[in-house]
Amino acid sequence: MTSPEPKPAPDHAGTDPGRSDDAHTRGDASRGNAWWRSAVVYQVYPRSFADSDGDGIGDLRGVIAKLDHLRSLGVDVVWLSPIFTSPQADNGYDISDYQGIDPTFGSLEDVDELVAGLHSRGMRLVMDLVVNHTSDEHQWFVESAASKDSPKRDWYWWRPPREGFVGGERGAEPTNWHSFFSGSTWQWHPETGEYYLHLFARKQPDLNWENPEVRQAVYAMMRWWVARGVDGFRMDVINLISKVVCDDGALPDGVVGTDLPAGVSRYADGSPFYTNGPRLHEFLHEMHTEVLAHGAASGDVLITVGEMPGVTLEEARKVTDPARRELDMVFTFEHVGIDHGPGGKWALRPLHLPDLKANLARWQEGLMAVGWNSLYWNNHDQPRVVSRWGDDSAEHRVASAKSLGTVLHLLRGTPYVYQGEELGMTNVGWSQIGSYQDIETLNYYSESVSGGASDGEVMAGIGPVSRDNARTPMQWSDTPHAGFTTGTPWLAVNPNYPAVNAEAAVADPDSVFHHYRRLIELRHAHEVVVEGDFALLLPDHEQVFAYTRSLGDETLLMVANLSSAPAVVDLPGQAATVAGTLLIATHADGAPADGERVSLAPWESRAYLA
Ligand code: TEU
């Protein structure tokens, strides 16, 4: 089947006179009411945060019980991964009722209490908006799948088998696209004789955003949550909502030759046809006009962040340009893919620091004039950074966790702290597939082994990178199950919890917790941390990450040794800054600077202000 030419992309540049936050363009000290430019966000993965009823699964009352931990850390916003009614095929990223709370997590009343608890502490709540797809148990999909004449048939992507093939047969899928979770992106539905599209799991059918009814239903749901006091949205894979549709309604095949590595899959990469699609900006602008422009119930502007695998800097600049009225910031994946090998994420290679520095500098500079960055090392999909790019040995775990924090939190943008990052929690890297629960990991394992790879080979790839590394229960204390639950945890606790836990960290003034607390204080206290221009130093240095931030006559210098060996560096033109105020340091006994020469111990970092 040859794919006719895709339709050209409409592109709006219209502005929306209604929105009142013009002030927050570059360098405007007042920043107008774009409060999120100086905020720090804390991500809670409810399933693994705190269990209040002993069923071994974290819940909303568990989060409510820990609000003072978050308050004392100093964060401004809590992003809650999905808590909505869901069969939990992908731990809640498969929603069957957007306005229902999964009983595992609690009730709407619990959400209201959480909102009140956060607001009373001067904090805000961001909900996870998962609208590229629903669960296949969502009423919308149930109706859509009921018959080809269903009024909701076009709410999803249904297509007949490939011409000349019988449905369900090998190769009959409407396109040859590979799913994020292994296998084809198409599921055969014998009841109606068609396939439906799912970029992720079979139980996560993609919504058809081409259909205005779908979009209006999503906006109505968002407005419902905003009226309930929600202060913003983290939008799941939001840059996948616009697909390339050919004139005859078909979806184009992935380009043959971009096949995935041998033995891994017989499918092709379809991402050019569903990533940053032709109507993405139109849809985001419409969402802005319909919902975001109207702000929060508090009267403040909402905070929005779009998770965007495959987003480019150019696209991110368009999405986050305030004049275009789309989103406030995006999650790029470029930096968290910097150590992916030729086999992708399952074949990590050692970090080459200059590569990471170059990438972060490009985004810092690229969104300086227009737009805004999000800043993150960790989330519920990424392995723990202290194990990945730090050194999680007993000797260096604390210092490396702190210094990775120093590097990230003094950059320009809004930092995100993932639960446990403030404690320096590490990967578990289990060696048996039986220990894992993550659908992406399990699907990859079975696709690889059925493709001929050995258990040992596959587990060597899974250990350091599986999402379950981020999802082990939060380590609150050295009591059984790290104080996460009085029951049996849904996923095993990292055995290092007796040493790595919140109680111990809060009690130790030199802990990762207090270092993160001080970094957050610096962002709240110093305009240069929020708005200062970024300039990278020593781009090619293999051990040291150094940069300046400058605003008016103030310069902040951040210097960090991200290696397990000592480092001595000359920081060109920084003698005056090094002679300035030492704002924060990981090593109280750090060697005094000598002019612009700084000697750093393994994993030592400092920040100066002059
Ligand atoms: O993640 C999207 C995404 O790109 C990740 O799946 C990523 O490819 C992979 O995990 C990196 O290893 C979002 C959510 O954050 C994730 O938890 C969901 O599983 C996914 O969307 C589907 O909703």
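Trainee: Which backbone oxygen lies 3.2 Å from a polar atom of the side chain of H133?

Mentor: The model is predicted. A polar contact is a pair of N or O atoms within 3.5 Å. Here the backbone oxygen of Y93 sits 3.2 Å from a polar atom of the H133 side chain. The side chains of H133 and N132 are also joined by a polar contact, of 3.1 Å.

Trainee: Where does H133 lie, and is H133 buried or exposed?

Mentor: Buried means under 20% relative accessible area. H133 has a relative accessible area of 1%, so H133 is buried. H133 belongs to the loop between β5 (124-129) and α4. With neighbours within four places in sequence set aside, the contacts of H133 include Y93, Y98, F200, D236 and V237.

Trainee: Which residues of helix α4 are buried?

Mentor: In α4 (residues 139-146), the buried residues are W140, F141, S144 and A145. They lie on the same side of α4 because they cover an arc of only 120° around the axis.

Trainee: What covers the buried residues of α4?

Mentor: The cover includes the strands β4 (97-101), β6 (158-159), β7 (186-189) and β8 (194-197), together with helix α5 (212-227).

Trainee: M222 lies in helix α5. Is M222 buried or exposed?

Mentor: The same cut-off for burial applies, under 20% relative accessible area. M222 is at 0%, so M222 is buried. Not counting residues up to four places away in sequence, M222 touches L129, F233, M235, M287, V291 and L292.

Trainee: How many residues apart in sequence are M222 and H281, and what is their C-alpha to C-alpha separation?

Mentor: M222 and H281 are 59 residues apart in sequence and 18 Å apart in space, C-alpha to C-alpha.

Trainee: Now the ligand. How many residues surround the ligand, and which are the closest?

Mentor: The ligand is surrounded by 19 residues, with D90, D236, K345, H380 and D381 the closest. Sorted by class, this shell holds 7 nonpolar, 3 polar and 9 charged residues.

Trainee: Which side chains have a polar atom at a listed distance from an oxygen atom of the ligand?

Mentor: Read each pair by its distance. For D381, a side-chain N or O atom is 2.4 Å from a ligand oxygen. For H380, the corresponding distance is 2.9 Å. For E440, a polar side-chain atom is 3.5 Å from an oxygen atom of the ligand. As for cover, the ligand has 490 Å² of accessible area on its own, and the protein covers 95% of that area.

Notes
Residues are numbered from 1 along each chain as its sequence is written. This is a predicted model: local features need pLDDT of at least 70, side-chain atom pairs count only at pLDDT 80 or more; totals for chains, interfaces and linings use all residues. Side-chain values use heavy atoms; hydrogens and water are left out. A residue is near a molecule or strand if one of its heavy atoms lies within 4 Å of it. A polar contact is a pair of N or O atoms within 3.5 Å; within protein, one must be able to donate a hydrogen and the other to accept it, and residues adjacent in sequence count only if both atoms are side-chain atoms. Accessible areas come from the Shrake-Rupley method with a 1.4 Å probe; for residues, only the protein chains shown count as cover. Ala, Val, Leu, Ile, Met, Phe, Trp, Tyr, Cys and Pro count as nonpolar, Asp, Glu, Lys and Arg as charged, and the others, Gly among them, as polar. Buried means under 20% relative accessible area, exposed over 50%, partly exposed in between (1.4 Å probe, protein chains only). Helices (H or I, at least four residues) and strands (E, at least two) are DSSP runs, numbered from the N terminus. The arc is that of the directions from the helix axis to the C-beta atoms. Contact means heavy atoms within 4.5 Å.
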